[in-house]
Amino acid sequence: MPKPPWRVLASSYIVDNRFLRLRSDTVELADGSVINDYYVRESRGFVVIFALTQEQHVLLVRQYKHGIAQELLELPAGAIDPGESPQDAASRELEEETGYTAQGMQHIRSFIVDPTNADTVAHLFFAPAVTKTGRQHLDPTENIRVQTADLDGLHTMLVDGTIDSMPHVAATYFMLERLGRLAPT
C-alpha cells in the first residue's frame, strides 16, 4: 500500500463519549503545507440489514433522527458495539429494532460512508428468511415503527424519495440489483 500523501503531526480528541468521538488533527500535506484543526469523526462503523420475510416483504423501520430533525424510513440498522463483530451487530440490531430473527445472515459488502471527514464503514447484511420471534428491545433514544414493503414497492420508495438516507438508498439499490429486481447499469 502506498504511503498516505498526508502526514499527521499531532492529534487530540475534542469529544469522546458514547455518541461521538471527534478527533482534531494537524496534518502536513504532500506539498509541505500544514493544516490545523482537520476534524475526523471516528466510529466502529454500523450495520444495515436487508431482511426478507417468508412472504418476500422487506422489513423497514420508521424513526426520528435527531441530527436531521426528521422522521425517516430506513432498513434496520445500528452501530457496532465495542468488541462486537459486524455480523453479531446485524443479528442483534435486527432483533432489537424489529422483533424479527434471521435464520441466516450473509455479509454482502461494506461501504465507505464519508471518507473526507470520517472513518465510518457501513456493513450490508442480507437476511433472506426472517421470522417474528419476539418484541422490540429499543434503546432510550429509539421509537421505531416496523413496516414492510414488497420488492417492487421498495423500488418506488427509492425513486420517489420515501427512502432517502444515502446508506439505505445505496444498500437497497445494491440488494435489488443483486436479487434481479433491477437491470445492472
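The exercises below work through the secondary structure, strand pairing and aromatic contacts of a predicted model.

Residues are numbered from 1 along each chain as its sequence is written, and side-chain values use heavy atoms, without hydrogens and water. Because the model is predicted, local features need pLDDT of at least 70 and side-chain atom pairs count only at pLDDT 80 or more, while totals for chains, interfaces and linings use all residues.

**Exercise 1. Overall description**

Task: State how many helices and strands the protein has, and give its extent and its burial.

Solution: 
1. Helices (H or I, at least four residues) and strands (E, at least two) are DSSP runs, numbered from the N terminus. The protein has 3 helices and 11 strands.
2. From the N terminus on, the order of elements is β-β-β-β-β-β-β-α-β-β-β-β-α-α.
3. The C-alpha trace spans about 60 × 40 × 30 Å along its principal axes.
4. Buried means under 20% relative accessible area, exposed over 50%, and partly exposed in between (1.4 Å probe, protein chains only). Of the 185 residues, 38% count as buried.
5. A contact means heavy atoms within 4.5 Å. Among contacts with a separation of 6 or more, 55% come from residues 24 or more positions apart.

**Exercise 2. The partners of S10**

Task: Which strands pair with strand S10 (residues 121-132), and in which sense?

Solution: 
1. Strand S4 (residues 46-53) pairs with S10 in the parallel sense over 7 bridges, and Ile 49 stands opposite Phe 125 in S10.
2. Strand S8 (residues 100-102) pairs with S10 in the antiparallel sense over 3 bridges. The bridge partner of Thr 101 in S10 is Thr 131.
3. S9 and S10 run antiparallel and are joined by 6 bridges. Ile 112 stands opposite Val 121 in S10.

**Exercise 3. Rings and charges**

Task: Characterise two aromatic pairs and two charges over rings.

Solution: 
1. Rings of Phe, Tyr and Trp (its six-membered ring) pair if their centres lie within 6.5 Å; planes under 30 degrees apart count as stacked, over 60 as edge-to-face and the rest as tilted. The count comes to 3 aromatic pairs.
2. Trp 6 and Tyr 38 are edge-to-face, at 5.2 Å centre to centre and 85° between the planes. Trp 6 is in the segment before S1 and Tyr 38 in strand S3, 32 residues apart.
3. Trp 6 has a relative accessible area of 42%, so this residue is partly exposed.
4. Phe 111 and Phe 174 are edge-to-face, at 6.0 Å and 90°. Phe 111 lies in strand S9 (residues 106-112) and Phe 174 in helix H3 (residues 166-178), so the pair ties together parts 63 residues apart in sequence.
5. Phe 111 counts as buried at 18% relative accessibility, whereas Phe 174 counts as partly exposed at 27%.
6. A charge sits over a ring if NZ of Lys or CZ of Arg is within 6 Å of the ring centre and within 35 degrees of the ring normal. Arg 109 lies over the face of Phe 111, at 4.3 Å from the ring centre. The charged end of Arg 21 sits over the ring of Tyr 13, 4.1 Å from its centre.

Notes: Two strands pair if DSSP finds at least two bridges between them.
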